[in-house]
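Good morning, and thank you for coming.

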2 protein chains.
Amino acid sequence: MQLYQHGTLANLVPGLFGGTLSIHDLLQHGDTGIGTLSGLDGELIILNGTVFQVNAKGDVRVVDGSEMVPFANVHHADFTPVGELTAVNDAALRERLAQQLISLNVFSSVKLTGTFANVTTRAVAGQKRPYPTLKATAEAQSVFTQAEMHGTIIGYYSPKLFAGVAAPGFHLHFLSDDQQFGGHLLHADVTQANLEIQAFEDLDLHLPLADPEFQALDLDSDQIVSDIELAEK
Amino acid sequence: MQLYQHGTLANLVPGLFGGTLSIHDLLQHGDTGIGTLSGLDGELIILNGTVFQVNAKGDVRVVDGSEMVPFANVHHADFTPVGELTAVNDAALRERLAQQLISLNVFSSVKLTGTFANVTTRAVAGQKRPYPTLKATAEAQSVFTQAEMHGTIIGYYSPKLFAGVAAPGFHLHFLSDDQQFGGHLLHADVTQANLEIQAFEDLDLHLPLADPEFQALDLDSDQIVSDIELAEK
């Protein structure tokens, strides 16, 4: 089983927000995943082959195949049911998820479907060229909260060895069952949810080889290295 | 175009030398590459679908499909001729190669065929369980030198962002045209050689998901992190 990743977290850090792969091409590699659109425009949640965007106003819409992504992860869903989580607060959730992984050295997807309380998400605002840094963009993000939500948490666990390539640890997005609320997950207390996990033998990392900005990027600069470390926190 | 990598440098650092993929399976992903055998037994050079091993005695033999690797890189050769290098000494070689890459952010393979002087290679000695660390094994390696050799330098450039996953920078092996001399390249002055380069849009990183030792490995331990940094030098 394979996890497909287009781009790297490191590319976003200095502001390479331009889309370098179409949604149509991305979906050839999976029906489930997360990502962001060109310009770092919002948060993507991909379920059953449909791509939803949560923008900085909190609006949710279905994304067209011609739109472009600078960074995304997808895989073909083939989850293994793990069990039910009941009354797990946010502080304990990531540890509980980590305990269920095959190994902390393996890329995995986690999916939680059920009822959640105090659901807090964020969505970044789309930027125009010349793009700012990821740090500057993150400061302008919107935050949304709902007291109770039926929905899906979907995302990935990346081993620490791949810090900079991906955000180490869990990177989770949320979409409500009514498809009206979602974003990058900042907080959720699990009331009751079914947990499914899929571990990956292969990471297919796809880089924007032909992109002149990517080619010229000096990822070894001290500023970028320290900003990558900040972005991973 | 895709680079296939089985395992990570980080796995080798604490001594995970057991083979976790057969040569037969490895060759499904390429006809050209480098690697090592189970137990860290020697240096592999893969050219035109044939796998050669240089062992710690300096002997070269063709490896059978049933033998196993803990770490290897292969790709399907589709090189672009870059030009001829003449009278480039070892001190300047890697810089000259780096100048010819599309980008320092892209995985690439380099292949040099021609005549080389002062060719120095090493080969690690196969280890038995319980395996020592990579550092302890490296101290027991053999070094070989030839004043002049007709042969092939084959290997890969990995971006610094992937330090720990691979050795950052160039990782080059050598095989003589008469298939009697080779190993991990420590030094070579180029007398005259043709340079070919192949850049990769995708890295397919294949991890030994089912291996209990890999699953249990604590890659976050301070000792392993500092040993990975040493191994990359």
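Predicted model: local features only at pLDDT ≥ 70, side-chain atom pairs only at ≥ 80, totals over all residues.

**The chain contact and the backbone**

Let us turn to the interface. How many residues does the contact take from each chain? Chain B gives 29 residues and chain A gives 29 residues. Between them, chain B and chain A bury about 2,700 Å², and carbon and sulfur atoms account for 61% of that area.

Twelve residue pairs, both members at pLDDT 80 or more, are in polar contact between chain B and chain A. Among the elements of chain B, β14 (202-206) and α5 (212-216) each supply at least two residues of the side that touches chain A. The largest share of that side comes from β14(B), with five residues. Sorted by class, the side of chain B that touches chain A has 18 nonpolar, six polar and five charged residues.

I come now to the charged pairs. Side chains of opposite charge can pair when their charged atoms come close. Over all chains, the whole structure holds eight salt bridges, and two salt bridges are found across the interface of chain B and chain A. In one of them, A:Asp220 pairs with B:Lys160, with the closest N and O atoms 3.7 Å apart. In another, B:Asp220 pairs with A:Lys160, where the closest N and O atoms are also 3.7 Å apart. This pair crosses from the loop between α5 and α6 (222-231) of chain B to the loop between β11 (142-158) and β12 (169-176) of chain A. B:Asp220 is partly exposed, at 36% relative accessible area, while A:Lys160 is exposed, at 54%.

Other salt bridges stay within a chain. B:Glu213 pairs with B:Arg129, the closest N and O atoms being 3.1 Å apart. The two residues are 84 residues apart in the chain, with B:Glu213 in helix α5 and B:Arg129 in the loop between β10 (108-123) and α4 (134-138) of chain B. B:Arg129 counts as exposed, at 52% relative accessibility. In chain A, A:Arg61 forms a salt bridge with A:Glu67, with the closest N and O atoms 2.7 Å apart.

Finally, the backbone. Most residues other than glycine have a negative phi, and most peptide bonds are trans. In chain A, a cis peptide bond joins A:Arg129 and A:Pro130, with omega about -5°. As for positive phi, B:Asn48 has a value of about 50° although it is not a glycine. B:Asn48 lies in the loop between β4 (41-47) and β5 (50-54) of chain B, and at 70% relative accessibility it counts as exposed.

Terms used. Residues numbered from 1 in each chain as written. Chains lettered and ligands numbered in written order. Heavy atoms only, no water. Contact = heavy atoms within 4.5 Å. Buried area = accessible area lost by both parts, 1.4 Å probe. Salt bridge = Lys/Arg side-chain N within 4 Å of Asp/Glu carboxyl O. Polar contact = N/O pair within 3.5 Å; in protein donor to acceptor, adjacent residues only side chain to side chain. Helix = DSSP H or I, 4+ residues; strand = E, 2+ residues; numbered from the N terminus. Nonpolar A, V, L, I, M, F, W, Y, C, P; charged D, E, K, R; others polar. Buried < 20%, exposed > 50% of the residue type's maximum accessible area, 1.4 Å probe, protein only.
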